[in-house]
Amino acid sequence: MRTALITGGAQGIGAAVARKFLSEGFSGVLLVDRNAEKLVAVQEQIGKGAEIYTGDLRDGGTPAGAVAKAIKSFGRLDVLVNAAGNTERCGIADTTPEAFDRLFEVNVKAPLFMMQEAAKHMVAAKSGVIINVASMLAHGGPPNLATYSASKSALMTLSRNAGNTFKRDGVRVFCINLGWALTDGEHELQTTFHKLPQSWAEDIGARMPFGRLITSDDVAGLCAFLVSPPAQMMTGAVIDYEQMPLGTFDSHPALSP
């Protein structure tokens, strides 16, 4: 029976991945987040098989503590999903040293040391899967998300490097560059920070190529595939999980012959 450690487990993608893994036969999942109240609520919703660990990913002791809790609870660790992320808005002109540190501590430093701690057990077992959730903005991003985009680009490169590092150890590594997704955090950001109406996701989704935004359950389904036997002959893959093919754009009347 397989087990998993999932960061950002108190809501959104992390919680959805936990539910999906348990429905696919995982014997246990450890949800990691700094929000203790939300963690307990998710644990109660999921029920049997869900354990929790409260810790701030900006705390250097969280990776070792969380992995130790997983091993103590389950006796093994088969999958690590780094789903937590900081989406703070700041560009080249207005990024402060403090904002830079917050973004890179959560989006780069924490996943790196989570991988380091998890890999100790996975390499010893000659088996394991690591999935890092990055962003399509890793390819560049808009002006107001320059530093966030840079942090996700760093995570993308770390994922490729980890895939290479562990390719002979039975440990496979993937990076999901996520397109625009409707998550709990994104909804709160759009309605509070950007002042969009509650219906923003439906309004914007209707204009997307596939008629809606990506959901947390969509991402959970992809994660379930990446840890399944059909994906066992690939590693180091960066998956652009997006409706708009990279480098393309819709035709515009001004560009027509």
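Good morning. I begin with G60, which lies in the loop between β3 (50–54) and α3 (62–74). The structure before you is a predicted model. Is G60 buried or exposed in it? G60 is exposed, because its relative accessible area is 64% and exposed means over 50%. In sequence, G60 and A110 are 50 residues apart, yet their C-alpha atoms are 7.8 Å apart in space.

Let us follow β3 into the sheet. This is an open sheet of seven strands, paired in parallel, in the order β3-β2-β1-β4-β5-β6-β9. Which strands stand at the edges? They are β3 and β9 (237–241); each has a single partner strand, so one side of each is left without a neighbour in the sheet. On average, neighbouring strands of this sheet are turned by 15° against each other, with direction ignored.

The partner of β3 is β2, residues 28–33, and five parallel bridges join the two. L31 stands opposite I52 in β3.

Next, the helices. Helix α2, residues 36–46, lies across β2 and β3 and runs at about 175° to β3. Helix α4, residues 97–125, lies across β1, β2, β4, β5 and β6, at about 175° to β4.

Finally, the interior. In soluble globular proteins, nonpolar side chains tend to be buried together. Here the largest nonpolar core has 36 residues, and I6, F21 and I131 have the most contacts inside it. Helix α1, residues 12–23, provides the largest share of this core, seven residues. Apart from this core lies another, of 21 residues, including V32, V67, L77 and A84. As for I6, the residues it touches include F21, L31 and V81.

Thank you.

Conventions
Residues are numbered from 1 along each chain as its sequence is written. This is a predicted model: local features need pLDDT of at least 70, side-chain atom pairs count only at pLDDT 80 or more; totals for chains, interfaces and linings use all residues. Side-chain values use heavy atoms; hydrogens and water are left out. A nonpolar core is a set of buried Ala, Val, Leu, Ile, Met, Phe, Trp, Tyr and Cys residues joined through side-chain atoms within 4.5 Å. Buried means under 20% relative accessible area, exposed over 50%, partly exposed in between (1.4 Å probe, protein chains only). Helices (H or I, at least four residues) and strands (E, at least two) are DSSP runs, numbered from the N terminus. Contact means heavy atoms within 4.5 Å. Two strands pair if DSSP finds at least two bridges between them. Axes are lines fitted to C-alpha atoms, for helices over the stretch in contact, and angles run from 0 to 180 degrees between N-to-C directions. Lists of a residue's contacts leave out its neighbours within four places in sequence.
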